[in-house]
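Subject: Structure handover

Hello,

Here is the structure I promised to pass on. Please open it first, then read my notes below.

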Amino acid sequence: MKHCLVVDDSRVIRKVSRHILESLDFTVDEAENGSEALDRCGQTMPDVVLLDWNMPVMSGIEFITRLRKTDGGDRPKVVFCTTENDVAHIREAIDAGADEYVMKPFDHETLQIKLQLVGFA
């Protein structure tokens with residue numbers, strides 16, 4: 001079964017994401033910041049990471065930069081899910097190792113399309 005880690009400081013976003021992902025046959029883990037997410041990846045590397053940009057403790061950019069340097073950290077597909085929508089932010093995310101980008105708020109169809117683009121829906 002496909003495994004996704006949802007990394008967002010918003011409990012509501014994590015809950016909505018979980019609901020969508022489970023309907024797409026993913027098993028889902030959650031983390032509320034990048035530091036917690038790195039710990040989870042150290043235990044079990046997910047297939048996909050849905051990643052918020054702005055979080056306390058460790059931002060999404062800090063997380064992906066560190067993830068991509070860890071053993072096996074090049075494998076997960078990372079989809080940034082954020083309200084940051086200017087070209088500079090998108091380029092920074094892609095340059096840091098993100099595979100896709102989705103704007104909040106997103107719905108089932110939008111997330112499914114992004115997951116299809118990275119090969120996981």
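Aspartate 99 and arginine 68 meet through their side chains in a salt bridge, 3.0 Å from N to O. The term means a side-chain nitrogen of Lys or Arg within 4 Å of a carboxyl oxygen of Asp or Glu. This pair links distant parts of the chain. Aspartate 99 is in the loop between α4 (87-96) and β5, and arginine 68 is in helix α3, 31 residues apart. Helices (H or I, at least four residues) and strands (E, at least two) are DSSP runs, numbered from the N terminus. Aspartate 99 is partly exposed at 30% relative accessibility. Arginine 68 is partly exposed too, with a relative accessible area of 21%. Here buried means under 20% relative accessible area, exposed means over 50%, and partly exposed is in between (1.4 Å probe, protein chains only).

A word on the source: this is a predicted model, where local features need pLDDT of at least 70, side-chain atom pairs count only at pLDDT 80 or more, and totals for chains, interfaces and linings use all residues. Residues are numbered from 1 along each chain as its sequence is written, and side-chain values use heavy atoms, with hydrogens and water left out.

More on charges

The structure holds eight salt bridges. Lysine 104 and aspartate 52 form one, at 3.1 Å from N to O. Lysine 104 lies in the loop between β5 and α5 (108-117), and aspartate 52 in the loop between β3 and α3, so the pair ties together parts that are 52 residues apart in sequence. Both ends are buried: lysine 104 has a relative accessible area of 18%, and aspartate 52 is at 5%.

Arginine 40 bridges to glutamate 36, with the closest N and O atoms 3.1 Å apart. The two are four residues apart in helix α2 (residues 34-43), so about one helical turn separates them. Arginine 40 is partly exposed at 31%, and glutamate 36 is partly exposed at 25%.

There is also a network of salt bridges, linking Arg14, Arg18, Glu22 and Glu30.

The charged end of lysine 2 sits over the ring of phenylalanine 26, 4.6 Å from its centre. That label needs NZ of Lys or CZ of Arg within 6 Å of the ring centre and within 35 degrees of the ring normal.

Aromatic rings

Two aromatic pairs are present. Rings of Phe, Tyr and Trp (its six-membered ring) pair if their centres lie within 6.5 Å; planes under 30 degrees apart count as stacked, over 60 as edge-to-face and the rest as tilted. Tryptophan 53 and phenylalanine 80 have ring centres 5.1 Å apart and planes at 45°, so this pair is tilted. Phenylalanine 80 and tyrosine 101 are also tilted, at 6.3 Å centre to centre and 35° between the planes. Phenylalanine 80 lies in strand β4 and tyrosine 101 in strand β5 (residues 100-103), so parts 21 residues apart in sequence are tied together.

Trp53, Phe80 and Tyr101 form one aromatic cluster. Tryptophan 53 is buried at 7%, phenylalanine 80 at 0% and tyrosine 101 at 9%.

Threonine 82 lies in strand β4 and is buried at 1% relative accessibility. Leaving aside neighbours within four places in sequence, threonine 82 is in contact (heavy atoms within 4.5 Å) with Asp52, Trp53, Tyr101, Val102, Met103 and Lys104.

Best wishes
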